[in-house]
Structures are given as C-alpha cells and as structure tokens.
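These are my notebook entries on one protein chain. I record what I looked up, entry by entry.

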Amino acid sequence: MAVQKRDIKVITMVTTDCTLAQLRLLHLVSPSLPIGGFTYSQGLEWAVECGWVTNEAQLMEWLDDLLTTNMVHLEIPILARLYKAIDEKEFEALTYWSHYLIASRETRELREEERNRGRALASLLPKLGIAVPKEIAPLIKGCQSTGFAQAAHFWNIPLAAAAAGFIWGWLENITLAGVKIVPLGQTAGQKIIAQLTTHIPDIVKTGLQIEDDSIGNACPALAIASTLHETQYTRIYRS
C-alpha cells in the first residue's frame, strides 16, 4: 500500500525531532563538555591506593555497586524532581531538591565537585543558547544536576532519556578514571562500559519510581573513599 505524501511528511518531522533530542543529549553528556567531569574520581583514586580496586573485575564491581545504590536511590530520583520542577515552574521545589542533593554529598570534595561543575554549567549553558532564568541561576551554580535538568528540559529531551544519558556520562567518566589509576588497558575500560550499559534501562526505571521518603545516599564505601582521598598524599584527581 502506497504511503501518502502527507504521511511521509509527518513521519519525517517526528523522526527529525527525535533525532535532534538524541543528538542534544549526546552533546550534553559528552566528555568534551567543558565542566571538568574528567578531573574527578569520586574516591576511586583512594580505593585503588588502598587495594579495594586493583583489577578489571573489581573496578566493574565498584561501579556496579554505585549504579545500584547511589544512582537508583539518589541521583535519578532527584534529577526527576528537578526536571519536573523546571517543567512546572515550581521554584520552591527546585530549590528544595537542589539543596537536598548538596546536603546528600557526604564529603567536602563531593560537594565541591557538584558546585564547581554547576558553576561551569551556569556559564556554559547561555553560550549554547540554553535559557537560564535569573531566579534559578544561583541554584545551577550550586548544583550541576539542576543545570543538567534545565538543559535537558530546554532541549526537549524526555526525562527517561535524560536520566539514561546522565548515568552513561557518569559511567564513562569514572570508568576512564579507573583505567588510568589502576591502570588498565583501554579495551578493559570499554568492556566495563559495554557490560554495565546493559543495566542502565532498569536503573532508570527503578530510580524514577523511588518515592520521596526513600531518596538518600546509600553507599558508605564511597563516603569513606572520598573522605580519605581529600588527604591522600599523591593524587592525580581533584579533591
């Protein structure tokens, strides 16, 4: 059966819109985005130093644990609430969840990372044509996830896709940090990313269903490693 010209036009428009949103997401999670994500190891450097992570299998286990704890119970639920608050123009809710995320960072270096990357995003987003209303600019400067949510919403990236991209960007950055620190070969890092990427859809699905009362940090090992990394004698990653 022949496809009408009008149908072709509609299909083309929908495909183009979806492709643009996907490309915008790739831009947003790119390691080349100048917000300094590659300069942090989030405690992994100390975990390697003390012998917690010494090979490919242990690095994969470390990352998988963080995916199923922090990502599920903290990062994704709060990202969803930030996105929703921006969509509904609920400034009070946006403020609450931005501050909640910072308060959930258990160490100075984790809080500083959130703020430093937030400041970089607040400066970058207007240069990319992404509107940053004056009332939320201070929140973005203090919380990179708020800036990520603002960019995803402005670029019409669906929440679930934005959450998956957020996780994947984190996974790539920390995996590559592990490749340098352990050290491992580049192929080992790519194998880890390929394996753990298959978990992301379920992590997003679960994280988006977390209720308010169940949101919170859930990985003491990360807090311990990050705390001790702050005073580690030799470091290549920021604290």
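I take contact to mean heavy atoms within 4.5 Å. I note that this is a predicted model, in which local features need pLDDT of at least 70, side-chain atom pairs count only at pLDDT 80 or more, and totals for chains, interfaces and linings use all residues. Residues are numbered from 1 along each chain as its sequence is written, and side-chain values use heavy atoms, with hydrogens and water left out.

**Entry: Ser 104**

I looked up the surroundings of Ser 104 and found that it touches Leu 74 and Asn 217, leaving aside residues up to four places away in sequence. Ser 104 belongs to helix H4 (residues 91–104); helices are DSSP runs of H or I with at least four residues, and strands are runs of E with at least two, numbered from the N terminus. Is Ser 104 buried or exposed? Ser 104 counts as buried because its relative accessibility is 12% (buried means under 20% relative accessible area, exposed over 50%, partly exposed in between, with a 1.4 Å probe and protein chains only). A polar atom of the Ser 104 side chain lies 2.9 Å from the backbone oxygen of Tyr 100.

**Entry: the whole chain**

I counted 11 helices and 0 strands in the chain. Of its 239 residues, 49% count as buried. I also recorded that the C-alpha trace spans about 65 × 45 × 35 Å along its principal axes. Among contacts between residues at least 6 apart in sequence, 78% join residues at least 24 apart.

Technical notes. A polar contact is a pair of N or O atoms within 3.5 Å; within protein, one must be able to donate a hydrogen and the other to accept it, and residues adjacent in sequence count only if both atoms are side-chain atoms.
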